[in-house]
Amino acid sequence: GDWIEAQGVSGSVKEVNLFYTKINTFGNQEAVIPNGSLANDNIVNYTVNGIRRENLSFGISYDDDIKKAKEVLMQLVKEQDGIMEDPAPQVLVAELADSSVNFSVRYFAPNDKFWDIHWNMIEEGKIRLEEAGMTIPYPQRDVYSYDQTKMNGTVEKKENNA
């Protein structure tokens with residue numbers, strides 16, 4: 001029943017026997033992994049501790065108010081049923097990226113509520129930031145076009161007589 005990641009497969013452990021382990025994937029496929037492979041590689045068990053930490057990322061424009069964005073995101077965190085108060089949730093400026101100021105929203109939640117909170121936080125985070133007047137930027141590039149007919153196209157060649 002534990003949710004694990006091993007051998008490039010993520011899913012819920014369905015059966016463990018002498019030679020192989022069966023995992024039911026997120027897409028409801030059955031993956032069969034030889035135990036020899038499992039024993040010789042890393043296994044990440046996401047559910048063994050009963051709680052998980054999330055680390056969501058939200059970006060706003062450089063023209064937007066950082067303090068206001070932090071308040072909006074923290075208020076959203078506080079409204080979620082299931083987010084633990086200890087350890088305390090955090091909203092941090094994580095990166096000054098090329099096109100945005102990125103926030104990291106970190107919290108712990110019980111396994112049984114983790115995914116419901118995760119999906120709601122992403123959707124409501126975008127909605128609330130936009131309602132607060134924030135701009136969710138997207139990557140941009142400036143492209144310059146030059147009129148080649150106005151350039152003489154010659155390259156000066158230097159000879160080296162050494």
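Predicted model: local features only at pLDDT ≥ 70, side-chain atom pairs only at ≥ 80, totals over all residues.
**Exercise 1. The nonpolar cores**

Work out which elements supply the largest nonpolar core, and what L73 touches.

*Solution.* Start with the membership: the largest core has 22 residues, and I60, L73, F103, V105, Y107, M121 and L129 touch the most other members. Next, go by element. Now zoom in on L73: leaving out residues up to four places away in sequence, its contacts are F58, V91, F103, V105, G125 and L129.

**Exercise 2. The surroundings of A109**

Decide whether A109 is buried or exposed, then list its contacts.

*Solution.* A109 sits in strand 8. Its relative accessible area is 0%, and buried means under 20%, so A109 is buried. Skipping residues up to four places away in sequence, A109 touches I51, R52, G82, M84, F114 and I117.

**Exercise 3. The ring cluster**

Classify the ring pairs that link F114, W115 and W119.

*Solution.* Take F114 and W115 to begin with: the centres are 5.2 Å apart and the planes stand at 90 degrees, over the 60 cut-off, so call the pair edge-to-face. For W115 and W119, the centres are 5.5 Å apart and the planes are at 25 degrees, under 30, so that pair is stacked. Both tryptophans lie in helix 3, four residues apart, about one turn. As for accessibility, F114 is buried at 2%, while W115 is partly exposed at 38% and W119 is partly exposed at 48%. To finish, R52 lies over the face of F114, 4.1 Å from the ring centre.

Notes:
Residues numbered from 1 in each chain as written. Heavy atoms only, no water. Core = buried A, V, L, I, M, F, W, Y, C linked by side-chain atoms within 4.5 Å. Buried < 20%, exposed > 50% of the residue type's maximum accessible area, 1.4 Å probe, protein only. Contact = heavy atoms within 4.5 Å. Helix = DSSP H or I, 4+ residues; strand = E, 2+ residues; numbered from the N terminus. Phe/Tyr/Trp six-rings, centres within 6.5 Å; stacked < 30°, edge-to-face > 60°. Lys NZ or Arg CZ within 6 Å of the ring centre and 35° of its normal.
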